[in-house]
Amino acid sequence: MKGYLWQDAATEEHPKKLLHWEAVAIDAVGNVIEFWGFKRNQGRVWALLYLRDVAITAAEIEKELALSKGGVSMLTRDLERWGVVLRVRTPGDSSWRYRAETDLLKMARRVIEEREFSFIARIRADLEEARKLAEADGTTTKAQVQRLKRMETLAEATEKALRLFLKTSRLDVGGMFDVFRS
């Protein structure tokens with residue numbers, strides 16, 4: 001099946017009760033993910049799967065994180081869409097299980113491609129529109145138009161830095177700092 005993985009039954013383990021260190025780490029990841037504008041429980045689900053390094057069922061996720069069945073269904077669907085969780089099936093087992101994507105750079109790239117680029121494109125379009133409106137307005141000073149241009153340049157530099165990161169896994173923010181030096 002395209003987009004899904006099969007798990008070798010020999011590597012299957014049963015989840016255990018969260019250990020204290022797991023709970024602390026899982027909540028920490030949830031807090032970071034929430035800070036970045038995602039759902040806290042998305043981070044918690046991914047962290048559980050990442051730390052356990054074994055595919056587990058939705059029911060097991062519900063039990064381990066004290067989440068509802070509907071909540072886990074929505075969370076895993078979102079996480080699959082972002083490419084940070086994979087749905088897997090053990091041959092001979094009808095239950096779907098979930099496994100965390102463990103390549104952190106791959107995850108960051110995908111999120112940046114899907115989320116940040118559309119956000120930056122929207123910001124750039126809004127700033128361009130604001131500059132054009134300001135230029136057409138007879139009361140706007142040259143200094144104000146110049147500031148809008150600098151804001152556009154910052155958005156462009158941010159977009160370039162993200163594109164470079166996606167190509168090389170290196171983040172160059174030099175262009176962004178040039179805007180501040182002007």
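Visitor: Where does aspartate 53 lie?

Guide: Aspartate 53 lies in the loop between helix H2 and strand S2. Helices (H or I, at least four residues) and strands (E, at least two) are DSSP runs, numbered from the N terminus. The model is a predicted one, in which local features need pLDDT of at least 70 and side-chain atom pairs count only at pLDDT 80 or more, while totals for chains, interfaces and linings use all residues. Residues are numbered from 1 along each chain as its sequence is written, and side-chain values use heavy atoms, with hydrogens and water left out.

Visitor: What is the phi of aspartate 53, and what kind of residue carries it?

Guide: Its phi is near 55°, a positive value in a residue other than glycine. Aspartate 53 follows H2. Alanine 66 follows H3, and its place is in the loop between H3 and H4. The phi of alanine 66 is likewise positive, near 55°, in a residue other than glycine.

Visitor: Is alanine 66 buried or exposed?

Guide: Buried means under 20% relative accessible area, exposed over 50%, and partly exposed in between, with a 1.4 Å probe and protein chains only. Alanine 66 has a relative accessible area of 70%, so it is exposed. Arginine 109, found in helix H5, has a relative accessible area of 24% and is therefore partly exposed.

Visitor: Which residue has its C-alpha atom 9.1 Å from that of arginine 109?

Guide: That residue is lysine 167.

Visitor: How many residues does H2 have, and how far does it reach?

Guide: The expected span of a helix is 1.5 Å times one less than its number of residues. H2 has 13 residues and reaches 19 Å from its first C-alpha to its last, close to the expected 18 Å.

Visitor: Which residues of H2 are buried?

Guide: An α-helix has 3.6 residues a turn, so residues three or four places apart point the same way. In H2, the buried residues are Gln42, Gly43, Arg44, Val45, Trp46, Ala47, Leu48, Leu49 and Arg52.

Visitor: Which residues of H3 are buried, and against what do they pack?

Guide: H3 covers residues 58-65, and its buried residues are Glu60, Ile61, Glu62, Glu64 and Leu65. They pack against helix H1 (20-35), helix H2 (40-52), strand S2 (56-57), helix H4 (69-82) and strand S4 (96-100). Such packing rests on contact, that is, heavy atoms within 4.5 Å.

Visitor: Which residues of the largest nonpolar core touch the most other members?

Guide: In soluble globular proteins, nonpolar side chains tend to be buried together. A nonpolar core is a set of buried Ala, Val, Leu, Ile, Met, Phe, Trp, Tyr and Cys residues joined through side-chain atoms within 4.5 Å. In this model, the largest core has 23 residues, of which Val45, Trp46, Leu49, Ile61, Leu65, Val84 and Val85 touch the most other members. H1, H2, H3, H4, S4 and H5 each supply at least two residues of this core. H2 gives the most, with 5 residues. There is also a second, separate core of 6 residues, which includes Ile112, Ile120, Phe165 and Leu166.

Visitor: What does leucine 49 touch, not counting residues up to four places away in sequence?

Guide: With those neighbours set aside, leucine 49 touches Val54, Ile56, Ile61, Val85, Tyr98, Arg99 and Ala100.
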